[in-house]
Amino acid sequence: MGAAACTAGSVAEDKHSQPLKILVLGFSGTGKTFIVYGWSLGMSNMVKTLPTDAAMFNVEKVMSPKLRQPMYMWDISGKMTSRRRSYFLGTQGLVYVLNASQPVYMMDALQDLNSLLNDRDLKGLPLLVLANRLGSEENLSTKELESQMKEHLKLPPLWSVCGIRTFSQEDLSQALLKLEDLMDRSSPTADA
Ligand SMILES: Nc1nc2c(ncn2[C@@H]2O[C@H](COP(=O)(O)OP(=O)(O)OP(=O)(O)O)[C@@H](O)[C@H]2O)c(=O)[nH]1
Ligand SMILES: [Mg+2]
């Protein structure tokens, strides 16, 4: 099993002044609520997640160790279809979760992600794609995912892919750092 590290990046301090709205999307059962709780509570305080009802969403406040303001994670049910768009307005960053242990759904997920990246309210936003449940050699690899994304998607200027091995606090923390890095670099006051 390979390490699931993200690409390294640096984070400058205190460039945003308002809380950030981050949208967390992906198919049902990919682990969105699990990841968001992992970020807000920590893996050791993890609670059992239930599938988020099709008409529901969770909002969790996640304190950012590097940026000064909190990030509000809008975790939308993967079963929500047409009404999903009503949550897009005001979003500043997008997290898209895939289940790496089910590579057969990768193209469907990329198609879904493509429609999100073309949405007028989400176009150009920093994007973090999380390959959750990395575990065995048969899994979708982050390299393969990256190359498929480059081939099939019109990617925003700031994007990254992170793998999250099953129940790994280290990988969750790395992914959160990467998200902070992307948000920091997207700040209007970030260095060109
Ligand atoms: N084995 C394993 N189970 C996981 C992992 N991540 C999430 N799960 C479990 O998978 C199930 C579904 O996870 P959720 O976080 O509820 O999935 P979701 O993406 O929020 O799904 P919806 O709310 O239906 O959109 C839960 O029972 C989680 O505990 C993981 O990395 N490994
Ligand atoms: Mg959920």
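Visitor: How far is that oxygen atom of ligand 1 from a backbone N or O atom of Phe 34?
Guide: The distance is 2.8 Å. That makes it a polar contact, a pair of N or O atoms within 3.5 Å; within protein, one must be able to donate a hydrogen and the other to accept it, and residues adjacent in sequence count only if both atoms are side-chain atoms. Bear in mind that this is a predicted model: local features need pLDDT of at least 70, side-chain atom pairs count only at pLDDT 80 or more, and totals for chains, interfaces and linings use all residues. Residues are numbered from 1 along each chain as its sequence is written, chains are lettered from A and ligands numbered from 1 in the order in which they are written, and side-chain values use heavy atoms, with hydrogens and water left out.

Visitor: What does Arg 133 do with an oxygen atom of ligand 1?
Guide: Arg 133 puts a side-chain N or O atom 2.6 Å from an oxygen atom of ligand 1. Of the 660 Å² that ligand 1 exposes when taken alone, the protein buries 83% (Shrake-Rupley areas, 1.4 Å probe; for residues, only the protein chains shown count as cover).

Visitor: How many residues surround ligand 1?
Guide: There are 19, and the closest are Ser 28, Lys 32, Thr 52, Gly 78 and Arg 133. A residue is near if one of its heavy atoms lies within 4 Å.

Visitor: Which element gives the largest share of that shell?
Guide: Helix α1 does, with three residues. Both α1 and β5 (127-134) supply at least two. Helices (H or I, at least four residues) and strands (E, at least two) are DSSP runs, numbered from the N terminus.

Visitor: Switching topic: where does UniProt put the "binding site" feature?
Guide: The unreviewed entry places it at Thr 33 and Thr 52. They span 20 residues in sequence, yet no two of their C-alpha atoms are more than 7.7 Å apart, so they gather at one spot. UniProt positions use the numbering here, feature names are shortened, and annotations may be inferred rather than shown by experiment.

Visitor: What joins the side chains of Thr 52 and Thr 33?
Guide: A polar contact of 3.0 Å. Thr 33 sits in helix α1 (residues 32-41), while Thr 52 is in the loop between α1 and β2 (57-62).

Visitor: Is Thr 52 buried or exposed?
Guide: Thr 52 is buried, at 14% relative accessibility. Thr 33 is buried too, at 9%. Buried means under 20% relative accessible area, exposed over 50%, partly exposed in between (1.4 Å probe, protein chains only).
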